[in-house]
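Dear colleague,

Please find below the structure that I am handing over to you. My notes on it follow directly after it.

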Amino acid sequence: MLVDSFGRKHDYLRISLTDQCNFRCLYCMPQEHMEFMPPNELMQANEIFQIAKIFVELGVNKIRLTGGEPLIRKDIIQIVSQLATLPVNLTLTTNGYLIEKHLPLLLEAGIQSINISLDTLQANKFKQITQRDGFQKVWNAIQLLLQNNRHVKVNTVLMKDKNYDEILDFVNLSIHHPLHIRFIEFMPFTGNEWEHKQVVTQQEILDLVRTNYDLEKLTDEKHDTAKKYKIKGAQGTFAIITTMSEPFCGDCNRLRLTADGKIKNCLFAAEESHLLQNLRNGKDILTIIKQSIWQKKARQGGQFPDNFKEAESDKIINRSMISIGG
Ligand code: SAM
Ligand code: SF4
């Protein structure tokens, strides 16, 4: 069992497969000075499996693949097929662009629930945000997953000047489709030019939705980062991930493994420990994992003030989101 000094049990591992991506989302990938990891420093498929197995022996029962874009890995079939043999709930966060190509793999691996990132329902705006022309392909991917009876969560990062005006359109989507929209508060990472003025908070979202719809609060599950709601009679739901305005660290069960094989005990942790390097040197990584978890800070890597509006993004020691793995 992986327990930290605050008694929090950790059973959920997010593995980043790469820091590269076929999109260039403004809030995720630094527009300047982006240096990608050298290929020989990335975990290879069998190393991912070996490290994941150790986490599973230590009590991890859920693994999410992320990145960068996980589905661009050339060896994605080997990675997913191997991880699917572990006794875990295996899942994925993807931009959706390559879903159609890899659908047989995802079905074969028994992946039931998939998170697709989509910040706008307007093709032109999609191109502005991701710097790629992919709206139709991502929308088709969502439809394809629904046709195959997958549980689809749509991750939408809200930013005041980008997509505040689409909140009701996304909520409307949850009425007419069995989709689970998750509004994510914009978070600061290295190189993403975060400003607190761009954050759309839970309160602002609820105030807006309430003026238009009758809302029902759903019960949140243990360790849930999202506060769930439903519009009366809707096929789907919507939720808000309140990392900035109402952090949910007290109940955190998540750990991260970067694509270059370092454990991060928190999304905002400044400290990282080398698992891959030690594994390659034949060292026992179990102790390193336990030590890292024990050192986890109470809240947000110990790097944020109580009021997120006072956060100074250039003082936060971290990586860019694309190289952490969200
Ligand atoms: N490429 C995949 C995707 O886009 O779903 C997986 C990696 S991406 C880093 C994982 C999630 O992090 C996405 O839902 C993305 O929208 C979210 N994300 C990236 N930068 C963010 C930021 N600055 N604030 C909040 N969420 C962010
Ligand atoms: Fe790529 Fe996902 Fe980051 Fe967009 S959010 S740049 S799709 S990793």
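Which side chain has an N or O atom 2.6 Å from an oxygen atom of ligand 1? That side chain belongs to Ser 117.

Before the remaining findings, a word on conventions. This is a predicted model, in which local features need pLDDT of at least 70 and side-chain atom pairs count only at pLDDT 80 or more, while totals for chains, interfaces and linings use all residues. Residues are numbered from 1 along each chain as its sequence is written, chains are lettered from A and ligands numbered from 1 in the order in which they are written, and side-chain values use heavy atoms, with hydrogens and water left out.

Ligand 1

The contact with Ser 117 is a polar contact (a pair of N or O atoms within 3.5 Å). An oxygen atom of ligand 1 also lies 3.1 Å from an N or O atom in the side chain of Asn 155, and a nitrogen atom of the ligand is 2.9 Å from a polar backbone atom of Met 187. Of the 540 Å² of accessible area that ligand 1 has on its own, the protein covers 95% (Shrake-Rupley method, 1.4 Å probe).

The shell around ligand 1 comprises 20 residues, each with a heavy atom within 4 Å of the ligand. Tyr 27 and Gly 68 are among the closest of them. At least two shell residues come from each of strand S5 (89-94), strand S7 (151-158) and strand S8 (180-185); strands are DSSP runs of E, at least two residues long, and helices are runs of H or I, at least four.

Ligand 2

Around ligand 2 are Cys 21, Phe 23, Cys 25, Cys 28, Gly 68 and Asn 95. This shell has 4 nonpolar, 2 polar and no charged residues, with Cys and Phe counted as nonpolar and Gly as polar.

Cysteines

The structure holds 0 disulfides (pairs of cysteine sulfur atoms within 2.5 Å). The cysteine sulfur closest to that of Cys 266 is in Cys 249, and at 6.2 Å it is too far for a bond. Cys 249 is buried, at 14% relative accessibility, and Cys 266 is buried with a relative accessible area of 14%. Buried means under 20% relative accessible area, and exposed over 50% (1.4 Å probe, protein chains only).

Helix H4

In helix H4 (residues 123-130), the buried residues are Lys 125, Phe 126, Ile 129 and Thr 130. Seen down the axis, these fall within an arc of 115°, so they line one face of the helix; the arc is taken from the directions from the helix axis to the C-beta atoms. The exposed residues Asn 124 and Gln 128 are on the face turned away from the buried side.

Note on methods:
A polar contact is a pair of N or O atoms within 3.5 Å; within protein, one must be able to donate a hydrogen and the other to accept it, and residues adjacent in sequence count only if both atoms are side-chain atoms.
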